[in-house]
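Open the model in your viewer and keep a selection panel at hand. The tour below goes from stop to stop, saying what to select and what is there.

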Amino acid sequence: MSCTCNHGENADKLVPVRAVVTEIRTETPDVKTFRVVGIDGSNCFDHMPGQCAMLTVPGVGEAMFSITSSPTETEYKDFSIKRCGLLTDYLHTMEPGQEIGIRGPFGKPFPVDTVFKGKDLIFIAGGIGLAPLHSVINYCRANRDNYGKIDILYGSRSADDLVDFDEIKNEWEKEDGINVYLTIDREQEGWDGHVGFVPSYLKEIGFKPDANRIAVLCGPPIMIKFVLQGLIEMGFDKTQVYTTLELKMKCGIGKCGRCNIGSKYVCKDGPVFRCDEIDELPDEY
Amino acid sequence: MKKIEKAKLNDLLARLAEASTLYLPVRKGGKVNFAKWTKDEEYCADELKTVKSAKDVFFPQSENIVSFKRESSKITILPKELPTDRTVIFGVRACDAKSFDILDSVFMSEPADSFYTARRNSAVIITTACSTPEETCFCGVFGIDPANPGADIQTWFVGEELFWEALSEKGKALTEELSDMLSDADEKEVEDEKSRISEITKQLPLNGLSLENFGGDKTNELFDAAQWEKLSQSCIGCGTCTFVCPTCQCYDIRDYDTGNDIRRYRCWDSCMYSDFTMCAHGTNRPTQLQRFRQRFMHKLVYFPANNNGEFSCVGCGRCVSSCPISMNIAKVIKSFGGDNK
Amino acid sequence: MQKTAGLIKKRVLELLADGTVTKVLGWKEGDFIYDVTPASFLSAQEADGLVYSSFCGANLSKYLISECKALTEGKILALLKPCDTYSFNQLLTEHRIDRDKVYVIGVGCKGMLDIEKIKAMGIKGITKVIDNGKELDIKTIYGSKTCKREDALLEKCLCCKSKNFKAFDEIIDPEPETKEEKADRFAKVSELEAMTAEERYAFWQEQLSKCIRCNACRNVCPACSCMKCVFDNPVSGVSSKANTDSFEEKMFHIIRAFHVAGRCTDCGECSRVCPQNIPLHLLNRKFIKDINELYGEYQAGEEVGSRAPLADFTFDDAEPSVVNERGNS
């Protein structure tokens with residue numbers, strides 16, 4: 001059978017394969033979720049939560065995005081993408097049916113089948129930082145028996161900037177064993193939920209630093225800094241906290257040098273790091 | 001050990017060029033670089049160091065890796081054929097030969113870079129001993145011996161003859177192909193040359209640099225060191241050191257719209273450039289100090305951490321002679337107490 | 001030179017001590033005499049490493065852009081050779097530096113040496129160069145060598161603009177203006193102009209195909225002071241990091257020459273730093289020669305705030321059609 005996806009025998013890791021954007025969901029004023037399927041209707045490749053993929057628009061460029069969908073959603077890959085640069089601007093103008101290039105998966109995933117197993121999980125995200133955690137959360141929901149209690153603390157600038165709001169409200173919040181804490185930065189008409197920054201809400205909630213708990217963070221650097229500080233104050237150990245780093249990436253295979261930090265390459269050795277591992281890296285992320 | 005008269009060297013090169021693509025140091029516009037050899041080119045055997053190293057035979061400064069066509073919402077992806085023609089690189093110095101091992105450990109480690117690997121696998125490297133090492137040379141610091149340059153075949157110019165020793169299977173096979181042009185020689189005939197070279201290398205002013213303060217476990221000691229400020233203060237942020245360096249291998253990937261198709265090419269990049277780590281939300285190395293530090297920390301600390309203590313420098317001294325402000329890795333090593341003399 | 005160096009150091013120490021300046025921009029000694037590095041010195045102790053030798057070709061004026069921005073108190077002392085003062089004035093004209101923040105010491109110059117030229121003579125393994133005025137005494141690991149000083153001058157020094165300083169607060173050990181007839185700095189440009197288009201193309205093709213796009217010429221150039229160069233700006237549409245074809249090899253340098261036209265003082269740093277020895281100064285000199293011929297003699301940096309011919313309209317200006325006429329000759 002001849003191959004239609006351009007996966008040639010000698011295909012290099014740098015060469016993307018064809019894929020098609022089948023569905024585009026507007027999440028917030030500057031975030032859209034793109035559903036991507038291989039050109040032959042396949043799922044392009046298998047991945048694990050936390051891993052990333054390179055999306056290509058020929059002539060515009062290529063960039064690394066975390067895969068938002070869970071590996072348990074086997075028909076497609078979702079990418080929640082915030083408009084913030086040349087390529088993402090272009091992606092936001094696309095219509096369903098548009099073909100793009102994709103390559104991956106890249107990086108090390110969250111240790112969902114090892115370290116996380118049997119643990120109570122706290123997910124803490126800010127803004128578009130929910131994208132990589134979305135994949136882990138849905139993976140855990142699909143394998144619910146493998147995990148203990150799940151707490152999700154998610155905040156954004158405003159109610160309009162909360163990504164995946166419908167799914168959170170209609171699915172996550174309604175499931176047993178899942179507690180969802182939502183917050184927005186400033187008061188807003190029609191919002192009767194919590195108001196305040198994520199780190200301060202974290203203190204109000206006050207999670208117990210049980211050894212059986214794992215915290216997973218993702219968000220803007222300033223949020224990560226204060227949330228981590230908060231968790232440490234509560235008594236959590238850095239070995240219980242996982243996060244993802246984001247640096248400029250190009251090749252995805254630890255060779256082009258761009259995401260090198262200390263002896264690590266974020267594209268290959270990350271993007272998922274345990275917080276005590278980050279402490280060993282030079283302070284330039 | 002084999003040999004050939006220097007007067008017949010051109011015939012040998014012509015033979016090599018028949019069955020392979022032959023690269024060697026040739027002079028163009030007054031400067032010597034590795035380039036494809038044709039009968040009209042003169043092999044610059046006396047040039048110790050080409051401006052650029054020979055790395056771009058395997059890792060070209062710019063190469064297309066894939067092409068695209070776009071038609072309304074459809075795209076076509078046209079992967080590039082991998083190069084398979086046999087390549088011979090002649091006249092490689094010991095430092096550059098060693099640099100290929102370092103590049104191999106980057107590009108050929110899993111997942112391997114298929115473009116580099118294809119070129120590397122189809123190449124035979126013929127080295128030449130350094131008859132006149134220069135003051136900028138410090139390959140000895142990295143355990144490299146310019147009298148025994150290694151690779152597939154190593155050669156020495158002695159008097160009116162070129163001595164030839166095949167080392168690897170590839171080298172032996174190529175030597176066999178050329179057997180009618182090479183005559184038998186005695187290893188003793190190159191011994192004087194080897195010891196002459198060894199005597200010179202002992203006098204090289206930078207060959208006594210010590211690397212004891214560097215290595216994979218030195219991140220914490222070196223990263224915040226006060227020295228970086230003075231070392232980097234005059235750096236103009238160009239890419240000269242990076243591009244003439246035989247071991248620097250960072251690259252960028254870009255698209256180029258020819259009007260007919262879109263070519264995705266990769267090209268050399270430099271961590272010294274202000275936009276190297278720039279992305280939509282800014283850069284994590286906004287100062288030249290940080291960028292300068294990254295280059296040397298990578299060569300002397302991060303790379304050894306990932307490669308069993310091997311440094312990503314071969315002491316070729318190209319940065320010593322070509323930096324616009326005369327700042328270089330030797331001065332960096334010295335400022336951290338590496339001046340052993 | 002050693003005498004000059006001594007005088008400079010003495011004066012630098014005095015000015016640091018009495019608080020006239022808080023920082024000194026000069027040159028620091030290297031490992032082999034010839035590899036001096038531009039450096040700043042904040043104290044008498046640091047200034048111990050300050051040198052002034054025949055290898056101080058580097059033009060320090062461009063560093064003043066960032067130094068002036070960073071300076072919070074006092075003044076920065078800049079050691080400038082006569083030709084460097086042209087760049088200094090040009091930067092003042094373009095409001096890139098602040099005259100009040102800089103204390104300029106003009107330092108006499110006999111013409112600076114080019115180690116590449118000495119090496120090109122076949123002199124290898126150089127560990128020391130002693131400048132005896134007319135002759136250079138060169139120590140190498142292969143024995144002593146000598147060569148004529150004039151044969152080892154930097155390209156820019158072959159057609160020295162002037163021994164006079166165009167800007168200074170004080171001067172140390174000035175040189176008298178050269179009496180001998182100066183070399184014609186446009187000689188090579190005229191030679192290129194006299195070639196057929198094909199010959200000229202071949203000349204530049206051979207030279208520019210060596211370019212490795214290291215950006216040394218751009219980054220060292222005092223006229224290239226854009227905050228973001230078009231070649232680095234992804235939204236410019238021409239940003240690129242490599243010469244992907246022979247057209248791009250030329251495009252980068254020709255665009256750069258256009259961008260500095262009328263502002264280039266012919267300081268020669270571009271050619272000095274090029275690792276591939278591309279005679280980039282010839283592109284700039286072509287523009288300077290054309291400007292002189294079409295708009296009247298003009299030297300950028302001769303004075304502060306001078307009339308820039310390409311940014312100044314007069315009714316006597318050459319008509320654009322002059323280009324076509326010249327092209328047909």
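Two strands are called paired here if DSSP finds at least two bridges between them. Strand β3 (residues 50–51) of chain C is antiparallel to β1(C), with two bridges joining them. The model is a predicted one.

**Stop 1: a strand in chain C**

Select residues 23–28 of chain C, which form strand β1. The strand is mostly covered, with six of its six residues buried. Start with β3(C), where Val51(C) is the bridge partner of Trp27(C).

Next select strand β2 (residues 37–41) of chain C, which runs antiparallel to β1(C) and is joined to β1(C) by five bridges. Which residue of β2(C) stands opposite Leu25(C)? Show Ser40(C) to see that position.

Then select strand β4 (residues 76–80) of chain C. In which sense does β4(C) pair with β1(C), parallel or antiparallel? The pairing is parallel and runs over three bridges. Here Leu25(C) has Ala78(C) as its bridge partner. Keep Ala78(C) displayed, as that residue returns at the last stop: Ala78(C) is among the residues with the most contacts inside the largest nonpolar core.

**Stop 2: the two domains of chain C**

Colour chain C by domain: domain 1 covers 2–114 + 153–172, and domain 2 covers 187–328. Their centres, taken over C-alpha atoms, are separated by 26 Å. Each domain brings 19 residues to the contact.

**Stop 3: where chain C touches chain B**

Display chains B and C together. The contact involves 33 residues of chain C and 37 residues of chain B. On the chain C side, at least two residues come from each of β2, β6 (126–131), α7 (197–208) and α8 (216–220). Which of these elements has the largest share? It is β2(C), with four residues. The strand was seen at the first stop, where β2(C) was paired with β1(C). The side of chain C that touches chain B divides into 14 nonpolar, 12 polar and seven charged residues.

**Stop 4: the two domains of chain B**

Domain 1 is 2–55 + 83–203, and domain 2 is 219–251 + 269–338. The C-alpha centres of the two domains of chain B lie 28 Å apart. Between them, 22 residues of domain 1 of chain B meet 18 residues of domain 2 of chain B. The domain 1 side of this contact has 11 nonpolar, five polar and six charged residues.

**Stop 5: where chain A touches chain B**

Bring chain A back into view. This contact takes 37 residues from chain A and 40 residues from chain B. On the chain A side, select β1, β4 (61–66) and β6 (99–106), which are the elements giving two or more residues. By class, the side of chain A that touches chain B holds 14 nonpolar, 13 polar and 10 charged residues.

**Stop 6: the two domains of chain A**

Chain A has domain 1 (17–106) and domain 2 (120–244). The contact draws 15 residues from domain 1 of chain A and 14 residues from domain 2 of chain A. β1 (17–28) and β5 (77–82) of chain A each supply at least two residues of the domain 1 side. That side divides into five nonpolar, eight polar and two charged residues.

**Stop 7: the nonpolar core**

Show the three chains again. The largest nonpolar core has 259 residues, and Ile124(A), Val216(A), Ile89(B) and Ala78(C) have the most contacts inside it. Helix α2 (residues 94–107) of chain B provides the largest share of this core, eight residues.

Leaving out residues up to four places away in sequence, Ile89(B) touches Tyr23(B), Phe34(B), Ala54(B), Val57(B), Ala123(B), Ile125(B) and Ile126(B).

Technical notes: Residues numbered from 1 in each chain as written. Chains lettered and ligands numbered in written order. Predicted model: local features only at pLDDT ≥ 70, side-chain atom pairs only at ≥ 80, totals over all residues. Domains from an automatic or database assignment. Contact = placed C-beta atoms within 7 Å. Nonpolar A, V, L, I, M, F, W, Y, C, P; charged D, E, K, R; others polar. Buried ≥ 20, exposed ≤ 12 C-beta atoms within 10 Å, placed from the backbone. Core = buried A, V, L, I, M, F, W, Y, C linked by C-beta atoms within 7 Å.
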